[in-house]
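This report is written for a reader new to the structure shown below.

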Amino acid sequence: MQTGLQLQIRFFPLSFFFFFCTPNIEINGKKTRIKWGKSFIAIPPGKHIVRVYFKYLWMSECGANQVEVALQHQQQKKISFYMPPWIFSKGRLKVTDLTSIVPM
């Protein structure tokens, strides 16, 4: 099993105009553009600061929120980001452990 993060990036369904924006995920300051929906990012074990946001009109970091994630070898965690309909709020982030550590 590969160490990394499973991402689920969503928004309120009636806010369809968010679909035309590209979400960004920063892991320890390194920015990557991703799509809305599900994706996977392989990262090494350790502690990581994960930040999610997107550019919308004049706002360079709409919905910006961050969380610290600690990963062990061959561990995966799911990060869910949900953007509510009002653009001035933070997106909700939730971290779920998907794997248990198997003793060697």
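## A proline between two strands

In this predicted model, P44 sits in the loop that runs between β4 (37-42) and β5. P44 is exposed, and its relative accessible area is 52%. The cut-off for that word is over 50%.

Which residues does P44 contact, once its neighbours within four places in sequence are left aside? They are T3 and L71. The separation between P44 and V67 can also be given: they are 23 residues apart in sequence, and their C-alpha atoms are 17 Å apart in space.

## Overall fold

The protein has 0 helices and 8 strands. Along the sequence, the order of elements reads β-β-β-β-β-β-β-β. The radius of gyration is 14 Å, close to the 13 Å that the globule rule gives for 104 residues, so the protein is as compact as a globular protein of that length. Along its principal axes, the C-alpha trace spans about 50 × 25 × 20 Å.

Contacts between residues at least 6 apart in sequence can be sorted by separation: 57% of them join residues at least 24 apart.

## Surface and charge

Of the 104 residues in the protein, 43% are buried. The protein exposes about 6600 Å², and carbon and sulfur atoms supply 58% of that area.

The protein carries 14 positive and 4 negative charges. The mean position of the positive charges and that of the negative charges lie 8 Å apart.

## The salt bridge

How many salt bridges does the structure hold? There is 1 salt bridge, and it is formed by E61 with R51. The closest N and O atoms of this pair are 2.2 Å apart. E61 belongs to strand β6 (residues 59-71) and R51 to strand β5 (residues 46-56), so the pair ties together parts that are 10 residues apart in sequence. E61 is partly exposed, with a relative accessible area of 35%.

## Two loop residues with positive phi

N28 is not a glycine, although its phi is positive, at about 55°. N28 is placed in the loop between β2 (23-27) and β3 (30-33). With a relative accessible area of 47%, N28 is partly exposed.

Q74 is a residue other than glycine with a positive phi, near 60°. Q74 is partly exposed, with a relative accessible area of 41%.

## A tyrosine in strand β7

Is Y82 buried or exposed? Y82, which lies in strand β7, is buried, with a relative accessible area of 14%. That value falls under the 20% cut-off for a buried residue.

Residues up to four places away in sequence not counted, Y82 touches R10, F11, F12, P13, G91 and R92. One of these, R92, is 10 residues from Y82 along the chain. The C-alpha atoms of Y82 and R92 are separated by 5.1 Å.

Definitions and conventions
Residues numbered from 1 in each chain as written. Predicted model: local features only at pLDDT ≥ 70, side-chain atom pairs only at ≥ 80, totals over all residues. Heavy atoms only, no water. Helix = DSSP H or I, 4+ residues; strand = E, 2+ residues; numbered from the N terminus. Rg over C-alpha atoms; globule rule 2.2 N^0.38 Å. Buried < 20%, exposed > 50% of the residue type's maximum accessible area, 1.4 Å probe, protein only. Contact = heavy atoms within 4.5 Å. Areas by Shrake-Rupley, 256 points an atom, 1.4 Å probe, with all protein chains shown as cover. Lys, Arg positive; Asp, Glu negative; His and termini not counted. Charge placed at Lys NZ, Arg CZ, Asp CG, Glu CD. Salt bridge = Lys/Arg side-chain N within 4 Å of Asp/Glu carboxyl O.
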